[in-house]
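User: Please go through the structure shown below with me, as a series of questions and answers.

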Amino acid sequence: MPGPTTAQVLLKALGTTVLVKLKGGREVRGVLRSFDQHLNLVLDEAEEVKSNKTRKLGTIIVRGDNVVLVSPTT
Amino acid sequence: MPGPTTAQVLLKALGTTVLVKLKGGREVRGVLRSFDQHLNLVLDEAEEVKSNKTRKLGTIIVRGDNVVLVSPTT
Amino acid sequence: MPGPTTAQVLLKALGTTVLVKLKGGREVRGVLRSFDQHLNLVLDEAEEVKSNKTRKLGTIIVRGDNVVLVSPTT
Amino acid sequence: MPGPTTAQVLLKALGTTVLVKLKGGREVRGVLRSFDQHLNLVLDEAEEVKSNKTRKLGTIIVRGDNVVLVSPTT
Amino acid sequence: MPGPTTAQVLLKALGTTVLVKLKGGREVRGVLRSFDQHLNLVLDEAEEVKSNKTRKLGTIIVRGDNVVLVSPTT
Amino acid sequence: MPGPTTAQVLLKALGTTVLVKLKGGREVRGVLRSFDQHLNLVLDEAEEVKSNKTRKLGTIIVRGDNVVLVSPTT
Amino acid sequence: MPGPTTAQVLLKALGTTVLVKLKGGREVRGVLRSFDQHLNLVLDEAEEVKSNKTRKLGTIIVRGDNVVLVSPTT
């Protein structure tokens, strides 16, 4: 029996913190507020994580075609 | 309840300063004047930020497919 | 006589552990829960494998256009 | 109130010098003669700028999908 | 007189071992089981070849847009 | 008044030598024989230019999506 | 008077040896057997050329979107 689709996993993750790995090795983390079919994301309280340092970014829009993977952290 | 879409976040940011991270590590900052569905952006009073140095660019057009993320700074 | 298609191989792998090689050299492993025609994947109990170290990621969504190859491990 | 679109900024810049940043770090400068919806550009009196050296190129066609940003310099 | 098309070469190679060169320098080898018009491939008894070392991967799906070239080895 | 379009510049350059900069830093030079809307080019008497050395290539076809810029040299 | 199109150059090169430069610096050489509008190529008696060493590959399929340029060698 197939499991949840990409959209179902993201729907369930709305309002929770997700880890997003981007092309080129960047990583951001934030509360998922919305997404679309291109995997464009809106994150709140976002922060960039780079070699154990974090930089607060507030609300961000992530362009879907840079996303490598999304991981709900809860 | 889902949050604002990408377009709604950008609409709200019109006239305010946004930080834009580009592919290849470049970063620009400027006042968002307009955007379209490809995430093409027009920024005023833009400046490029590179290793703590800034370079004033004035009005710029950013091609959407180079955008990694957009962060309204207010 | 041609063998199974990409979709047939993935269908058969649902519920089992797959190894996914991503662009840029990243590798993740996890239980395949779903996939679509773009090779977007949902993996459970996923972990990233980097130079013999693993990092647990839980459930993840992998964007299809970063996938280089998928290997069912059973 | 939204500002000028990408096309409006370019229309206004016709006949003036623009700075164009390209993927891979290249930069060219020249008088904007025409553009299309793909951001293909025709520049006159163009020159490439690389680490403070310039190389005269005359009239050039820039392929839009290499453009990172365009900055009217006036 | 033109020779065989891409599809004809692959059809003839079904069931035989092919060498596949991927973007980024990776190389895999395996028995071709199926392919589609995007050059997505299913390989059996696949192994990755890296600087004279091989790693057995079993059955794999190769995403077509990472393929640089395919070489039937017989 | 807008200037010549990309196609008009290339039409005028038919039969003359053009410099073509390619992605990844490659440069070729040759007599432009034809082009299409994707910026695929046919060049005669082409030569590759790499760090002040040239290599004669004869007639070549350049795939448009590797073209960064085209510069008629006359 | 415009010269031959890309397709005409390739048609004329069928059955002769062509040099193909690929993205990432790879180079292959072989007898052109067929091509399509995406510049997918079938080469016979192909060999990869890397820093003056060659490796025989036999018949190969080259995926068009990796092709930078094609040069008929006769």
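User: How many residues of chain D are in contact with chain F, and how many of chain F with chain D?

Analyst: This is a predicted model, in which local features need pLDDT of at least 70 and side-chain atom pairs count only at pLDDT 80 or more, while totals for chains, interfaces and linings use all residues. Residues are numbered from 1 along each chain as its sequence is written, chains are lettered from A and ligands numbered from 1 in the order in which they are written, and side-chain values use heavy atoms, with hydrogens and water left out. With contact taken as heavy atoms within 4.5 Å, the interface joins 18 residues of chain D to 24 residues of chain F.

User: Which residues of chain D lose the most area to chain F?

Analyst: Buried area is the accessible area (1.4 Å probe) that two parts lose on being put together, summed over both. For chain D and chain F it comes to about 1,600 Å², with 54% of it on carbon and sulfur atoms. On the side of chain D, 41% of what is buried there belongs together to the residues that lose the most, namely Arg26(D), Ile61(D) and Arg63(D).

User: Which residue of chain F forms a salt bridge with Glu48(D)?

Analyst: A salt bridge here requires a side-chain nitrogen of Lys or Arg within 4 Å of a carboxyl oxygen of Asp or Glu, and the rule finds 2 of them across the interface of chain D and chain F. In the one formed by Glu48(D), the closest N and O atoms are 2.7 Å apart, and the partner is Lys21(F).

User: In β5(F), what is the bridge partner of Ile61(D)?

Analyst: Strands are DSSP runs of E with at least two residues, numbered from the N terminus, and two strands pair if DSSP finds at least two bridges between them. β4(D) pairs with strand β5 (residues 67-72) of chain F in the antiparallel sense, over 2 bridges. Within β5(F), Ile61(D) is bridged to Val70(F).

Methods. Helix = DSSP H or I, 4+ residues; strand = E, 2+ residues; numbered from the N terminus.
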